[in-house]
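The structure is shown first, and the description follows.

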Amino acid sequence: MRRAEQRIESERVLTMAFVRHCLECPKCQTRYLIGFSPYVNGSYVMRNAPGSGAEYVLYCYCRGPFAPTLWKDDEVKSYEVSKKAHDRGFGAPEEIVQIRYNSADSMPLDRRELIRSILADRARH
Ligand SMILES: [Zn+2]
């Protein structure tokens with residue numbers, strides 16, 4: 001009974017989470033969902049600002065309008081975003097969690113796959 005409840009709870013949490021690209025303010029650690037600018041706390045994100053050489057420019061309320069943070073497209077990371085933070089468009093690190101791909105987990109699989117393809121290739125010759 002208790003275990004079933006826990007399972008439902010974790011499923012609920014999973015279906016309520018969104019995966020989005022976010023920009024994190026290096027000072028206050030607030031994470032902003034791209035595409036939700038301007039934000040209700042006064043921060044905003046500009047895309048392809050002329051002369052910046054960056055894909056995204058974040059103006060966080062904590063640093064003011066003269067201290068932008070710049071991101072190139074490949075520096076933007078994926079985050080798991082809670083429903084509440086998603087509605088708001090930004091959130092704290094507890095609400096918006098960076099997704100880390102565990103390379104130690106995926107490595108043996110990749111290696112196995114590599115060996116299999118080498119062996120298959122050899123068998124052909
Ligand atoms: Zn900030």
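Three bridges join β4 to β5, and the two strands run antiparallel; strands here are DSSP runs of E of at least two residues, numbered from the N terminus. Two strands count as paired if DSSP finds at least two bridges between them. This is a predicted model, in which local features need pLDDT of at least 70 and side-chain atom pairs count only at pLDDT 80 or more, while totals for chains, interfaces and linings use all residues. Residues are numbered from 1 along each chain as its sequence is written.

| Strand pair | Bridges | Bridge partners |
|---|---|---|
| β3 and β4 | four bridges | V45 and L58 |
| β4 and β5 | three bridges | V57 and L70 |

Together these strands form an open sheet in the order β3-β4-β5, with antiparallel pairing. β3 (44-47) and β5 (69-71) stand at the edges with a single partner strand each, so one side of each has no neighbour in the sheet. On average, neighbouring strands of this sheet are turned by 20 degrees against each other, direction ignored.

The largest nonpolar core has 14 residues, of which C22, L23, Y32 and L58 touch the most other members. Such a core is a set of buried Ala, Val, Leu, Ile, Met, Phe, Trp, Tyr and Cys residues joined through C-beta atoms within 7 Å, where buried means that 20 or more other C-beta atoms lie within 10 Å of the residue's own. At least two core residues come from each of β1 (18-24), β2 (31-33), β4 (56-59) and β6 (77-81). β4 gives the largest share, three residues.

Technical notes: Buried ≥ 20, exposed ≤ 12 C-beta atoms within 10 Å, placed from the backbone. Axes fitted to C-alpha atoms, helices over the stretch in contact; angles between N-to-C directions.
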